[in-house]
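User: Got a model here I'd like to go through. Can you walk me through a few spots?

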Amino acid sequence: MFNPKPTSKVVYLTIILIISLPFLINSTATEQDSEEIDDLLALDEEEQESSPKPSSEAEVLTKAQRIVVELNNDNTQKAIDGNEYVFVLGYAPWDVRSAELMPRFAEAASVLKELESDVLMGKVDAERYPKVASSLGVKGYPTLLLFVNGSSLPYTGGFSSEEIVTWVRKKTGTPVIRINSMDEANDFLKKHSMFAVGLFDKFEGPDYGEFVKAATTDNEVQFVETCTSQIADILFPDVKSISPVLGLVKSEPERYTLYEDAFEKDKILQFLNDNKFPLVTFLTEVNSVKVYASDKLQVYVFAEADEFQKLLEPFQNAARKFKSKIMFVFVDIKDNNLAKPFLTLFGLEDSEDTLVTAFDYKTGAKYLLESDPTLANIEEFGLGLLKGILPPFYKSQAIPDNKGADIITVVGKTFDDLVLSNSKNILLEIHTPWCLNCETTTKQVEKLAKHFKGLENLVFAKIDASVNEHPKLEVEDYPTLLFYPASNKSNPIKLPTKSSSKDLAKLINKYLKEQGHDEQHVTKDEL
């Protein structure tokens, strides 16, 4: 769930949320199963009433974990069939990410219980009860599933306890919380770091209807409503007294954002999408799902945490300028799990210097700020990204010395000069270090280079595609052999890598003859 996603566009996605399948199996649960669940819940209620207040966070967590029912071979089916809502965590005891999510899940269970939610919170040890886990749709660790009348819904929320509570409440019939008093408002503020607040004269009418539709559709932001301006002022200070009013509250310097458009569901949702993130988001394994899922252009700064504090203000100022268009994200360069997959895309995985990069997930393009990260340079970088005029970044090794080489080494920076602009015919071998068959092809190319040595109008070359890129070098399979005719470099000819050296020599001679060479300049086919 917290591992980066693999493709050129999203290789960095670290969190894999397992989507649940419908609950398909039947079982013959007994009355004893139901009594077991009821006894567990009743026992917890008795302990809450009789036990003294816990004296440490560990004790609070222990009590919260007891609220969660441990599902097993005997009670699972009865739990699913006997409750309208069942929220299940599928986990493995040895899984690190399960261990990270477990306390948040338990805390969410405790909050939901305090709110008198009808949701039964359960967990299943997939290693101990593999058949139960499989029947529920647990295919990875950890997995979250909400069962509604026996059918599962995919979990699409965040992974903090607050986000879990918000998502569960929205999916189980509480999309909007109504605040009726100042005490309720103050109590709500203590428990929520982000929410949308609506002020209405009456809880009816077209504007209110669109507000509720938006609240029901959104999965991440808790909506609250009130009809009293004094209460609204506690939640959103200096709120306009003329209703309707909608505002977004976050725990950051720009804490309050007022909605100033028409009350329409889609516009409200777009407002939330544009403003729900901080000016600069600090990437963590907990919030990475939401960051990767954003459809905004993204600017990333990689730096050590202490060093970034010096850059925070200029980045926040730049973020204000592009607030609804570009997301600004900080990644601790020392965090290998989060930083390294990104930096590998730039061939900078070993860098310890502050780096500013950008991504356009729609096209897969990536960009690198090659000047100091001043406010002016950051704003110019963001504007170029927004207008689509930034030159894309392509990886390249340092330019090598090819003097005296039978096979020249091409890198990203020299691809134009040595291949596309070269007046000679080019036979290019494209390889990677992890390619299983590349070694065999490399030996064939070395043999061919010796065989054709002395032919002035033919150059043998190679490029490592794992660390070098070029917009006109798009190869999916490795190894790949491309013959670039001197007269038409825009249409290289792909040669079969599984052919023998003799057959490859014949093909090369054929293409050379087609280029108009005299017979005396074409070597014999035999090797």
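User: How many residues lie between S14 and S15 in their hairpin, and which turn residue has a positive phi?

Analyst: This is a predicted model, to start with. Four residues separate S14 from S15 in the hairpin. The turn residue with a positive phi is Gly364, at about 85 degrees.

User: How many bridges join S14 to S15?

Analyst: Four, and the strands run antiparallel. In that pairing, Thr357 stands opposite Leu368 of S15.

User: What about S12 and S14, how many bridges there?

Analyst: Five bridges join S12, residues 297-303, to S14. That pair is antiparallel. Gln298 has Phe359 of S14 as its bridge partner.

User: Is S14 itself enclosed or open, and why?

Analyst: S14 covers residues 355-360, and six of the six are buried, so the strand is largely enclosed by the rest of the structure.

User: Which residues point which way?

Analyst: Leu355, Thr357 and Phe359 point one way from S14. Val356, Ala358 and Asp360 point the other way. In a regular strand, side chains alternate between the two faces of the sheet.

User: Switching to helices. At what angle do H4 and H6 pack?

Analyst: About 50 degrees, with the axes 8 Å apart. H4 is residues 96-114 and H6 is residues 161-171. The two helices are therefore oblique to each other. H4 passes H6 in a right-handed crossing.

User: Which residues meet there?

Analyst: From H4, Leu101, Arg104, Phe105, Glu107, Ala108, Val111 and Leu112. From H6, Ser161, Ile164, Val165, Val168 and Arg169. By class, the contact has eight nonpolar, one polar and three charged residues.

Definitions and conventions. Residues numbered from 1 in each chain as written. Predicted model: local features only at pLDDT ≥ 70, side-chain atom pairs only at ≥ 80, totals over all residues. Heavy atoms only, no water. Axes fitted to C-alpha atoms, helices over the stretch in contact; angles between N-to-C directions. Parallel < 35°, antiparallel > 145°, perpendicular 65-115°, else oblique. Left-handed = near helix turned anticlockwise from the far one by under 90°. Contact = heavy atoms within 4.5 Å. Nonpolar A, V, L, I, M, F, W, Y, C, P; charged D, E, K, R; others polar. Buried < 20%, exposed > 50% of the residue type's maximum accessible area, 1.4 Å probe, protein only. Pairing = 2+ DSSP bridges.
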